Amino acid sequence: MYGEWPEAEKAEKLARGAALKWASGVFYRPDKLEGLGHYRSREAQRNSSIQSRLKSTVQSHLEGVSAGLEQLRSAAGDVRSVRRDLCAVRWHLLGSAEGFQRLALLRAVVMEHAQLAAVVRALPQLSSVPELLAQSLRLLHGQQLLEAHAGLMALERLREDITSQLHGSSSLPSDQALAVVESFFAGLQELSDALAQQLWRIVGGGVRLVREDPALFVSAVRIIEREESMDDALLLGPHAHRFPTPGRPKAWRQRFYQVMQETIAAAHFKAAHVDVKGPGLRRHLATLQSDILVELRVVKDLMVQCCPPHYDILSICTRMYHQGLSDHLQDILSRDLDKQEIFLLLSWVLHVYQGPEMMGHPDLLPEVDVSTLGPLLSPEVVEQMERKYVGKVKASVTEWMRRTLEVEFKEWFREEEPEMDHLGFFQSALPVIVMQMLDENIRVASLVTDSLQQKVYAMAMDELEAFLISLREALGECGKEHQKDRSTPKHYISYLLALLNNNMALSSSISTLHPGSASRAKPAEIPSSLQTALDRAQKKACRLLLEELLLDLQPLYVQLPSRKWLSGAQLVNSMCEVLDKYMRDFSHVRNPVFTFLLAESEHLVMNHYVRALMEKKVVCRSAEERTQLSTRLLQDASQLRELFHNLGLAESEQTLEVIFALQELICLQDPALLSLEVLGFMTRYPDISDEHVSILLDLRGDVSKEVRNVVLEMMAQNPQSLPENYQPIFSNILVPAPELPFCLRKSKCA
């Protein structure tokens, strides 16, 4: 039995397991076994109760199954009876088919009789059709629109009744019958078209009529609503799609909106001759602003009262103006506009249109809300126009800066010095003009959008950088021309100093151009590339000034060293006079450039002084000459150091100390100590090379080959590394190439 019912076997095992678990829990102590009989009797009663309930349930199910089987047997018998009856009916119908076909002729005669009867009943009305058409036309010409439309509706109902009667039979009417009806009512379509034309003229002048003659406009709207009701009845009524009605649906409400839109477009947005150049565009936008505001006021205050609420005429008209204006502006923007015209359009679209002067006017709020209609110009179009505007401004700025630079360099060749400020610094109007022009363009752009202001600011930084590059290139060309003829320009140095002051003025003013600079706690940083251009322009001007100084010092350096130089201080006095003259000129430039020029001038004097010593034009022939050379070096260095100190350059910042160090190397009496002296010199000036030391040893004139070898070997054994921030001294001083010994032809060199 369990093989046939595995579920029963599983259930019995689970029951036995549960019983064992329960019994082990109850009889786990010997004293509990006394209640075993009680538990046995209780469980027996429970089993008998469960068995009785199971038997009752099974019995009730068996009785239900028996009743169901009986009902199925009865239903099967009924189905067989119905099948026999249907077969009998089918045979009877097949036998009567020929009789039904003989009735078709009678049916056609009956249908024709019904149609003729309908025509006879409609003859009195049909005879009045021409008169009704003529009367409706007279009413229409007399502006009696409602009466004319009532006549039109009566004629249409008559035509529909006749057509309905023709379609009333089971068979369709002949094309000839329908053509007769259509030809008889041919004037009806002409009347409908004439009424429609009159309505559209009224709707087109609706804004004017609601102020002058609102009754006429209201009549037109009522007629349109009647026609919409008839269209709805035709399409949605109980007789919908029964047969086509000529001229239906008319959809006059949709045509009403279309005429409104066409009228608005023709009145404001379709003028092909609109002047969009300069003042013409400003006038056109002002006209649009005033006209649209006036017409929307009329729609809000008057036309809304003349139209049913479901027309939502104010929102519809607002959308029409918005869309028409958007398309019109797109057309204008497609033309070649200059920067003023683009600015005017963007400012008008982004500020005037939605502002209180137009769509945000108190007379229109809160019913008119153009923010729900989307932007007048898409963000992509605005972005495109902003880029186009920046391109136009960039071209204008580039050309303007080119001309400004030409004018600036033409002034260099004047006979007068550049103007001075109240502190005596040379200057010109260049930085003021450049900054005013850039600042004006950035401020104008801020009146449109922040993004446009950022774009113009970035463009201004790029153009200022390009201007500084052009300025530096022009400086180079001017410097080349001046070297050819130092008499032109006459005030070359003064204008270079003015240019340096201008460069500093530009550098200090650039941060004010940054958008939002007024609200910043500290100035905005200058773009790195622009700062580089400023620095390079400044270095170029400073280099030209130092080259000019060197040109005046060069004739003096040619005489150094020489016997004449050793004999007196006339040479260094002349150098001090030249330096003093130039420093007086340099005092017309602001700090920190003046300090930079002063330090660079001192370094230049030292460099060329030491370079002249390295030329080996003099070799000491005795101890007296070495003493004389040492004394000359000491006096020259002291005089130059005092000069620069008096000019404002601290001794700690001077490089003339190298001349004092050279003087100590020359005045050393014992050549055997040169290796120690040179080692100390190398420690202070680690960029000195063995070639430099060799020349200095030659200059002494008393250094033997052995001592020279010891010194050079010591230098090789103690290489020096350049410390951080070390200012090179000897690296910039080239050692002259040694002279080759003279050789006779076809013999070896000694």
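# Helices and salt bridges: questions and answers

The protein chain has 26 helices and zero strands, where helices (H or I, at least four residues) and strands (E, at least two) are DSSP runs numbered from the N terminus. This is a predicted model: local features need pLDDT of at least 70, side-chain atom pairs count only at pLDDT 80 or more, and totals for chains, interfaces and linings use all residues. Residues are numbered from 1 along each chain as its sequence is written, and side-chain values use heavy atoms, with hydrogens and water left out.

User: What percentage of the 750 residues of the protein chain count as buried?

Analyst: Happy to start there! Buried means under 20% relative accessible area, exposed over 50%, and partly exposed in between (1.4 Å probe, protein chains only). For the 750 residues of the protein chain, the buried part is 40%.

User: Which helices do the buried residues of α26 pack against?

Analyst: In α26, the buried residues are Arg-708, Val-711, Met-714 and Met-715. Seen down the helix axis, they fall within an arc of 130° (taken from the directions from the axis to the C-beta atoms), so they line one face of α26. Lys-705, Glu-706, Ala-716 and Gln-717 are exposed on the other side. The buried residues pack against α24 (674-684) and α25 (690-700).

User: Which residue forms a salt bridge with Arg-708?

Analyst: A salt bridge needs a side-chain nitrogen of Lys or Arg within 4 Å of a carboxyl oxygen of Asp or Glu. The N to O distance is 2.3 Å, and the partner of Arg-708 is Asp-698.

User: How many residues apart in sequence are the parts that Arg-708 and Asp-698 tie together?

Analyst: Their side chains meet in a salt bridge. Arg-708 belongs to helix α26 and Asp-698 to helix α25, so the pair ties together parts whose separation in sequence is 10 residues.

User: How far apart are the closest N and O atoms of Arg-584 and Asp-580?

Analyst: Both residues sit in helix α20, four residues apart, about one turn of the helix. An α-helix has 3.6 residues a turn, so residues three or four places apart point the same way. Arg-584 is partly exposed at 48% relative accessible area, and Asp-580 is partly exposed at 28%. The closest N and O atoms of this salt bridge are separated by 2.2 Å.

User: Is Lys-484 buried or exposed?

Analyst: Lys-484 and Glu-481 form a salt bridge (3.7 Å, N to O). Both lie in helix α16 (residues 450-484), three residues apart. Glu-481 is partly exposed, with 45% relative accessible area. Lys-484 has a relative accessibility of 67%, which means that it counts as exposed.

User: Where does Pro-366 lie?

Analyst: Most residues other than glycine have a negative phi, and most peptide bonds are trans. The bond from Leu-365 to Pro-366 is cis, with omega near 0°. Pro-366 is found in the loop between α13 (339-352) and α14 (379-411).

User: What is the phi of Ala-251?

Analyst: Ala-251 is located in the loop between α9 (214-236) and α10 (252-268). Its relative accessible area is 28%, so Ala-251 is partly exposed. Although Ala-251 is not a glycine, its phi is positive, at about 50°.

Definitions and conventions:
Contact = heavy atoms within 4.5 Å.
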